[in-house]
Amino acid sequence: MKHYDLKGLRLGDTAAESVVNYSAQEAALESHLQALQDRHRELVQSAGAPQDIADIKLQTARTLVNLERGEAAWPLGREALDTFIRLEDFESAADACDVLFQSDQPDSLNALGQGIWLTVTYPMDPELSVALLTHVINETPDDADGAAVAATTALFLADIRASGSQRENLMFLVSQTLGTVARRHGKVDSQEAFDRWMERLEIKDPAKFLVRLRNVVDVLVQDNWWFDREVLQAKLPVN
């Protein structure tokens, strides 16, 4: 019979290590939050540029969301969003909508809808576009068409806006997501069934699925828009 030195044997305590890792991460976030708050005060006292102040507010809101303090994150995200819209920094405005959605507050779905409108209307980082549309996919019941419309739009935006390795990675990711949506929504189990499913839902033609996406956005926002879409659309290069 072999004898083992139990004193020298250390078994990993997964639960304990998880707590330690979480505590370290939380401490790092708290430290980062303090630094952001200090920087915000400095910018306000020195009459810093509105863009810089809005950027700090958004970073602070995102950190608060990561700390699961959505209620505290919300007003900062809203203030940042209003500033970005005024400065016509629409990518940052869509990013703010993403943070507001993740803050899990009463108007978070409203924020998601407005972020999707911005990300479809204006050219911006397709990864942000895919992230916003993925929230719709995750929030939509299996028997509703909204997830299929969102996934198809995400694939479309990745195709036309991304390039190089980013395009390759996004197209693969969103294609897999669309396949998952097809299986859960239409019980699709073959390429032929997939094609029929897309035809039935009218999600092959951008002229059709983008109109359907507009309906999804309207359901999310419920006419509670925080900016004037007509004014913004009038400023587009092609009206």
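User: Over the ring of which residue does the charged end of Arg78 sit?

Analyst: The model is predicted. The charged end of Arg78 lies 4.1 Å from the centre of the ring concerned, and the cut-off for a charge over a ring is 6 Å. The ring is that of Trp226.

User: How are the rings of Phe90 and Tyr122 arranged as a pair?

Analyst: Their centres are 3.9 Å apart, with 15 degrees between the planes. Planes under 30 degrees apart count as stacked, so the pair of Phe90 and Tyr122 is stacked.

User: Where in the chain do Phe90 and Tyr122 lie, and how many residues apart are they?

Analyst: Phe90 belongs to helix H4 (residues 90-102), while Tyr122 is in the loop between helix H5 (108-121) and helix H6 (126-139). The pair thus links distant parts of the chain. Phe90 and Tyr122 are both buried.

User: What is the orientation of H8 to H9?

Analyst: The axes of helix H8 (residues 164-186) and helix H9 (residues 191-201) come within 11 Å and cross at roughly 80 degrees. Angles of 65 to 115 degrees count as roughly perpendicular, so H8 is roughly perpendicular to H9.

User: Which residues of H9 make the contact with H8?

Analyst: On the H8 side the contact involves Leu178, Val181, Ala182, His185 and Gly186. By class, the contact has six nonpolar, two polar and one charged residues. From H9 come Phe194, Trp197, Arg200 and Leu201.

Terms used:
Residues are numbered from 1 along each chain as its sequence is written. This is a predicted model: local features need pLDDT of at least 70, side-chain atom pairs count only at pLDDT 80 or more; totals for chains, interfaces and linings use all residues. Side-chain values use heavy atoms; hydrogens and water are left out. Axes are lines fitted to C-alpha atoms, for helices over the stretch in contact, and angles run from 0 to 180 degrees between N-to-C directions. Helices (H or I, at least four residues) and strands (E, at least two) are DSSP runs, numbered from the N terminus. Angles under 35 degrees count as roughly parallel, over 145 as roughly antiparallel, 65 to 115 as roughly perpendicular and the rest as oblique. Contact means heavy atoms within 4.5 Å. Ala, Val, Leu, Ile, Met, Phe, Trp, Tyr, Cys and Pro count as nonpolar, Asp, Glu, Lys and Arg as charged, and the others, Gly among them, as polar. Rings of Phe, Tyr and Trp (its six-membered ring) pair if their centres lie within 6.5 Å; planes under 30 degrees apart count as stacked, over 60 as edge-to-face and the rest as tilted. Buried means under 20% relative accessible area, exposed over 50%, partly exposed in between (1.4 Å probe, protein chains only). A charge sits over a ring if NZ of Lys or CZ of Arg is within 6 Å of the ring centre and within 35 degrees of the ring normal.
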